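Trainee: Please show me the structure, and let us go through it one question at a time.
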Amino acid sequence: MGDLLFFFFSKYSNGEEMAKKELMFELLKHSWLLIILSILLLLLLSSRRRRNLPPGPWQLPILGNIHQLDPLAHRSLLHLAEKHGPLMHLQLGRIPAIIVSSPDIASEILKTLDLAFSSRPSLPPSAVKFWYGGRLAKYDEHWRQVTKLCMLEIFSMRRVQSFRRVREDEVDVLIQTIRQSSSSLVNLSKMFVFITNNITSREVFGKRFTYDGECNWSPDHDIFKEIIQLLSEFTAKHLLPSLEWLRKNSSFKEKLEKSFERMDQLFEREIERHCSNGDGDDSGERDFLSVLLKHHVDPNLGFSFTRDDIKAIMQMIFFGGSDTTSSILEWGISELIKNPRVMKKAQDEVRGVVGNKGKVEESDLQQLQYLKLVINETLRLHPPAPLLIPRECREECNVQGYKIPVGTMVIVNAWAIMRDPKLWENPEDFIPERFNGVAINYRGQDFQFIPFGAGRRICPGMQLGIAVVEITLANVLYHFNWELPAGTDMDMTESLAVILHKKSPLILKATPRIALG
Ligand code: HEM
C-alpha cells in the first residue's frame with residue numbers, strides 16, 4: 001500500500017498525461033494485492049465466526065496480533081478488550097489465545113471450568129532444558145502428587161510460622177543496614193530484592209546468600225532474575241517461526257546456558273551439602289531442601305519423586321517467591337510517599353501499637369489492621385503478576401457460548417479487573433479504606449480481587465509472601481521517616497519483565513525515628 005501511495009503522489013504531481021496512463025496501469029497491476037489482502041481478511045473473520053471463537057481484533061498473517069501488544073502487555077490488552085469485550089480471541093504468532101478481563105468470566109474459567117484450564121502452556125522443546133519447572137507445567141497425576149506433598153510440607157501454615165525467626169532476623173539486618181549506610185539516601189528497590197532473596201534462600205537452603213549481618217548484593221542474587229528474563233525472551237521468540245533464527249543465535253543461547261549452569265551448580269552444591277550433613281533434625285525450622293530430600297529417599301512415598309523434581313520446586317520457589325514479594329514492598333512504599341495521609345495513618349498505627357519496644361515482631365501484626373488494608377490496596381493496583389501465569393485449555397469447552405479449542409493459551413488480565421471502574425470506585429486512586437469492613441480477600445474466592453490467581457493453580461506461596469511483606473513494611477515504617485530526595489518527584493512508571501516493577505529504582509531519604517539502642 002505504501003508503495004502504491006508513493007507511486008500515486010510522485011507521478012501525479014508531474015501533471016503529465018502519460019503519467020496518468022501509467023498510474024492507471026500501476027493501480028491495476030497492484031490492485032490484485034488489495035483484493036488478496038481483503039479476501040484474506042474476510043476469510044480470517046469468517047473462519048473465526050465459523051469456528052465460533054470469541055471476538056477479537058483483525059490479525060496479520062504470521063504475526064497474528066503480536067504487533068498490537070506493547071511491552072506493558074496488561075495495558076495494551078485492556079485497550080483491546082475495551083473494543084472487543086471481556087472475552088477476546090488473539091493469535092500470538094503461532095499460539096491461539098483468549099484474554100479474560102472480567103470477574104465473571106475469570107470465575108467461569110478459574111473456578112467452574114478449573115479442571116479444563118489447570119495446565120500451564122508447555123515450553124518449546126529447545127527451552128525445556130533451562131526450566132526444571134516445566135516438569136510441573138502439565139496438570140496430571142505427577143503434578144497432583146508433587147503439589148499435595150508441597151502443600152503439606154512446604155506451604156503449610158505450620159511451615160510458614162516455623163520461619164518466623166528467619167523473617168524477624170532478616171528484617172533486623174535490613175534495618176541495621178539502612179541505619180549504617182553512609183548516606184541517608186537508600187535504594188529501597190535493591191534492599192527489598194536482597195532481603196526477599198535472603199529469606200527465600202534461608203527457607204530453601206537454610207542459609208543466606210550474603211555474609212551474616214549484611215543486606216547487600218551477592219552474585220547469587222541475580223541468577224534467578226537473569227534466567228527468567230532470558231527464558232521469557234527465548235520463549236517469546238517461539239511465538240514466531242520467523243524469529244526461530246534468533247533463538248539459535250549463539251551468543252543469546254550461550255548467555256542462557258551459562259546462567260542456567262550457574263543456577264544448577266548452586267542447586268547441586270546445596271543438595272550435596274545437605275546430603276553430606278545427613279537430613280538434619282526434625283524440628284519445625286527445617287529448610288525446604290532437607291524436607292524434600294527426606295521424601296526423595298522415602299521408599300513408601302508411593303510415587304517417583306526425582307532429583308529433577310526437587311530442582312523444579314526450588315526453581316519455582318525462587319522465581320515465584322522473591323521478585324514478587326520485593327515488588328509489592330517497592331510499590332507499597334511508593335504509594336505511601338505519594339499519599340502522605342495514608343503514610344501518616346499507617347505510621348501512627350504501627351508506632352502506637354509497638355510503642356518504645358524497639359522493633360515490630362510478628363506477634364504485633366494482628367493488631368496492625370490498617371497496614372493490612374495498605375497491602376491489599378497495593379496488591380490491587382500493582383499486582384506483581386498482572387496477567388497471572390498463563391494457563392492452557394486441556395479439553396475443548398464452551399465459555400460464554402464460544403468454543404475454546406484444546407491448546408488455547410488463557411491469559412487472565414487481573415490488573416485490568418482490579419482497576420475496572422465498574423467494580424471499584426475511583427479505581428486509579430490509592431485508598432486502603434476501600435477494603436475496610438468488606439468481606440473481600442485475595443484468597444481466590446472474590447474474582448474482582450485476584451492478585452494471587454485462583455483455582456487449582458492459585459499461588460501456593462501466598463502466606464509465605466504476605467508474612468514477609470507485613471513484617472518488612474511494618475518495621476520500615478516504624479523505624480524511619482521517609483521522603484523523596486530534594487528536587488525529585490515520585491516516578492510511578494511501570495516496567496514489565498515477567499514481574500511488574502518500577503522502571504526507576506525507589507531511592508528515598510531515610511531519617512531514623514529513634515536513636516540506635
Ligand atoms: C507475595 C507475593 C506473591 C504474589 C503476588 C504471587 C502471585 C502469584 C500468581 C498470580 C501466581 C499464578 C496463579 C494462577 O495462575 O492462578 C503464582 C504462582 C506461583 N507462586 Fe506466587 N506469588 C507471590 C509469592 C510467592 C511465594 C513467596 C512463593 C514461594 C515461596 C510463590 C510460589 C509460587 C509458585 C510455585 C507458583 C506456581 C503454582 C503452579 O503453577 O501451580 N509465590 N503466584
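Predicted model: local features only at pLDDT ≥ 70, side-chain atom pairs only at ≥ 80, totals over all residues.

Mentor: Residues are numbered from 1 along each chain as its sequence is written, and side-chain values use heavy atoms, with hydrogens and water left out.

Trainee: How many helices and strands does the protein have?

Mentor: Helices (H or I, at least four residues) and strands (E, at least two) are DSSP runs, numbered from the N terminus. Counted that way, the secondary structure comes to 18 helices and 11 strands.

Trainee: What share of the residues is buried?

Mentor: A residue is buried under 20% relative accessible area, exposed over 50%, and partly exposed in between (1.4 Å probe, protein chains only). The protein has 517 residues, and the buried share is 51%.

Trainee: In what order do the strands of the open sheet of 4 strands stand?

Mentor: Two strands pair if DSSP finds at least two bridges between them. β1 and β2 pair in the antiparallel sense over 6 bridges, while 4 bridges join β2 (residues 95-100) to β7 in parallel. β4 (residues 391-392) is joined to β7 by 2 bridges and runs antiparallel to it. The pairing is therefore mixed, given that pairing rule, and the order is β1-β2-β7-β4.

Trainee: Which are the edge strands?

Mentor: An edge strand of this sheet pairs on one side only. The two are β1 (87-92) and β4.

Trainee: Which residue in β7 is the bridge partner of I99?

Mentor: β7 covers residues 409-412; M409 and I411 point one way, V410 and V412 point the other way, and all are buried. R391 stands opposite V410. The partner of I99 is I411.

Trainee: At about what angle does helix α4 run to β2?

Mentor: Axes are lines fitted to C-alpha atoms, for helices over the stretch in contact (heavy atoms within 4.5 Å). Angles run from 0 to 180 degrees between N-to-C directions. Helix α4 (residues 103-112) lies across β1, β2, β4 and β7, and its angle to β2 is about 125 degrees.
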